[in-house]
Amino acid sequence: MLFKGLIIGLCFFCSHIVAQESVTLQLKWTHQFQFAGYYMAKQKGFYDEVGLDVIIKPANPMMPDTFEPVANNKAQFGVGHSGILQQRINGQPLVAMAAMLQFSPYCWMVKDTSDIFHPRNFANKRITGVSRKDATELMVMLKRSGVDTDRLKVYEGENPNQAWIENKLDAMQVYVTTEPYYMTQQGIAHRLICPQRYGMDVYADILFTSEYMLKKHPQTVEKFYQASLKGWRYAMMNMDEAINVTQQVYAPSKSFHQLAFEAEVLKDYIMPPTTNLGHMSIAKWRLIADLYSIQQSKFDEVKAGFIYKYQEPEAIQLSWMLIAAILVSIISIPLYIRLIFSKK
């Protein structure tokens with residue numbers, strides 16, 4: 001009885017011997033449903049199950065760069081945009097793991113009464129400034145439709161939302177779940193001109209890590225990858241619960257209705273028909289390189305290490321279960337010998 005209790009106690013002790021590994025996930029924006037899969041992986045214990053203590057860090061809206069923190073190991077994982085390819089070509093040791101959005105969520109928003117129906121209608125129009133980092137596809141879309149973007153009038157004033165409402169500009173760069181929601185709430189009819197509809201099929205919200213992490217902690221990367229995808233699958237299958245968790249734990253300032261709107265829009269970006277969760281392909285990345293005017297020879301130089309592929313490390317790393325088994329075996333030997341002699 002004592003021996004059995006000792007083994008049970010030892011197994012319980014060994015399960016806690018190896019402390020959880022702490023890693024940080026740097027988000028590309030503030031907390032919202034856009035990151036619900038990671039929230040659910042944490043809340044449902046999927047990260048705990050693989051021995052990870054994950055810190056989910058929201059971005060600073062004034063400086064929402066996720067590439068630098070991961071490249072310098074200030075964060076071990078990040079969520080970024082398709083500009084990660086240019087970062088890799090520029091020498092940043094970043095590795096794309098999964099594309100959580102299969103299409104770009106950035107669009108142009110115009111009034112319902114506007115004469116802009118197609119990218120080619122943007123000639124000589126007034127637009128908001130476009131981020132060169134995460135919405136490049138908006139400008140490429142216009143250029144490919146024959147618009148001289150250098151001649152567009154860029155609004156430089158404050159509060160572009162209000163300027164758009166007051167007709168001081170014709171088109172505003174928006175995120176599909178944010179500004180359209182607010183305008184709908186105010187009863188302002190609008191429509192979206194989105195890159196996806198005009199051949200600008202780029203990935204977004206890309207989960208990524210660094211070559212340093214892959215080299216030094218390959219199993220950690222794989223554990224995080226699998227647990228995160230598990231969290232996203234759970235979120236997609238249990239959207240009401242995911243919305244509730246997002247609101248109550250991470251984004252209390254947002255209403256359930258607002259988060260539900262975001263979830264409803266993004267689900268078609270996250271899991272479109274016939275596409276696996278997080279799917280990425282070399283072929284599509286090659287098209288993205290072409291859209292961003294990246295030379296194919298440059299893409300070929302980095303493609304081998306750009307997309308994540310787990311490789312078992314050569315060195316044997318003992319799991320806590322194996323350690324427990326070894327310790328039980330070592331302790332059992334003298335106990336067994338003592339038991340033999342006590343019977344004689």
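Trainee: Thanks! What does the pLDDT of the protein chain average?

Mentor: pLDDT is the predictor's confidence in each residue, from 0 to 100. The protein chain averages 88 here, and 83% of the residues score at least 70. Residues 1–17 have a pLDDT below 50, with 15 contacts in the model beyond near neighbours in sequence. Residues 314–318 are also below 50, and that stretch has 3 such contacts. This is a predicted model, where local features need pLDDT of at least 70, side-chain atom pairs count only at pLDDT 80 or more, and totals for chains, interfaces and linings use all residues. Residues are numbered from 1 along each chain as its sequence is written, and side-chain values use heavy atoms, leaving out hydrogens and water.

Trainee: At what angle do helix 2 and helix 10 pack?

Mentor: Two packed helices are described by the angle between their axes and the distance between the axes. Helices are DSSP runs (H or I, at least four residues), numbered from the N terminus. Axes are lines fitted to C-alpha atoms over the stretch in contact, and angles run from 0 to 180 degrees between N-to-C directions. In this model, helix 2 covers residues 36–43 and helix 10 covers residues 218–237; they pack at about 105 degrees, with axes 7 Å apart. The pair is therefore roughly perpendicular, a label for angles of 65 to 115 degrees.

Trainee: Which residues of helix 2 and helix 10 make the contact?

Mentor: On helix 2, find A36, G37, Y38, M40 and A41; on helix 10, find A227, S228, G231, W232, Y234 and A235. Sorted by class, this contact has 8 nonpolar, 3 polar and no charged residues. Here Ala, Val, Leu, Ile, Met, Phe, Trp, Tyr, Cys and Pro count as nonpolar, Asp, Glu, Lys and Arg as charged, and the others, Gly among them, as polar.

Trainee: How do the axes of helix 2 and helix 11 cross?

Mentor: Helix 11 spans residues 239–250, and its axis comes within 10 Å of that of helix 2, crossing at roughly 85 degrees. That makes helix 2 roughly perpendicular to helix 11.

Trainee: Which residues in helix 2 and helix 11 meet?

Mentor: Helix 2 brings A36, Y39, M40, K42 and Q43, while helix 11 brings E241, A242, V245, T246, V249 and Y250. By class, the contact of helix 2 with helix 11 divides into 7 nonpolar, 2 polar and 2 charged residues.

Methods: Contact means heavy atoms within 4.5 Å. Helices (H or I, at least four residues) and strands (E, at least two) are DSSP runs, numbered from the N terminus. Angles under 35 degrees count as roughly parallel, over 145 as roughly antiparallel, 65 to 115 as roughly perpendicular and the rest as oblique.
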